[in-house]
Amino acid sequence: AHQLGTPISSLMAWVEYFKEDAKFENKALIGELDKDVKKLQVITERFSNIGSEPTLKEENIEEHITNIIDYLKPRISTKVNFSIHALTPNIMAMINAPLFEWVVENLCKNSVDAMGGTGKITIFILKGSEGRIFVDIADNGKGIPKNKIKQVFNPGFTTKKRGWGLGLTLAKRIIETYHQGKIFVKSSEENKGTTFRIVLHA
């Protein structure tokens with residue numbers, strides 16, 4: 001994480017230079033470049049947080065998830081439709097933003113893969129009893145076979161041809177160890193889709 005700091009700082013300076021240069025007419029492109037550099041900063045922060053006890057802050061969950069999806073949309077298939085539904089406004093939860101964002105990104109990217117780049121991802125945010133906050137991430141992808149559901153969080157489990165199968169294992173560690181919450185497969189049906197549920201604390 002420390003080693004990444006220097007080139008990221010340099011990239012930030014170059015982005016600011018491009019913003020000021022009149023030759024660069026495509027400011028939207030520079031805006032996206034700026035988002036990517038900021039994302040590198042967040043990723044670096046995640047590495048730092050994994051190695052230490054991350055701090056939790058009360059955050060607006062709908063706002064955070066909307067920002068994550070806004071970043072993802074231009075970087076994945078245009079045939080994936082996202083929708084976010086908060087059952088009440090201003091639902092707050094205790095999270096470590098960089099780590100929580102990584103979990104949501106990971107689940108969404110898994111959903112995109114499960115749908116073959118075409119389909120719908122629906123995110124529901126709701127308040128439960130006893131100060132719990134639920135975040136459900138549902139897709140209409142290929143689903144998980146019933147005999148595999150219990151294995152999805154195991155290290156090395158993957159349905160992809162490439163990858164280490166550590167995404168969901170890390171997601172579980174981030175939610176359960178660092179956030180004292182829960183993450184599990186709420187429902188899954190082959191060829192119909194899967195819903196993951198994240199449980200946080202208000």
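**View 1. Surroundings of Asp139.** Leaving aside neighbours within four places in sequence, Asp139 is in contact (heavy atoms within 4.5 Å) with Ser111, Met115, Lys120, Ile121, Lys192, Gly193 and Thr194. The model is predicted, so local features need pLDDT of at least 70 and side-chain atom pairs count only at pLDDT 80 or more, while totals for chains, interfaces and linings use all residues. Residues are numbered from 1 along each chain as its sequence is written, and side-chain values use heavy atoms, with hydrogens and water left out.

**View 2. Polar partners of Asp139.** Asp139 belongs to strand β5 (residues 132-139), strands being DSSP runs of E with at least two residues and helices runs of H or I with at least four, numbered from the N terminus. The Asp139 side chain makes a polar contact with the side chain of Ser111 at 2.8 Å, and reaches the backbone nitrogen of Gly141 at 2.8 Å. A polar contact is a pair of N or O atoms within 3.5 Å, where, within protein, one must be able to donate a hydrogen and the other to accept it, and residues adjacent in sequence count only if both atoms are side-chain atoms.

**View 3. Helix α5.** Buried residues (under 20% relative accessible area, against over 50% for exposed and in between for partly exposed, with a 1.4 Å probe and protein chains only) in α5 are Leu168, Ala171, Ile174, Ile175 and Tyr178.

**View 4. Two loop asparagines.** Asn90, between β2 (80-86) and β3 (92-95), is exposed at 53% relative accessible area, and Asn191, between β6 (182-189) and β7 (193-201), is exposed at 68%.
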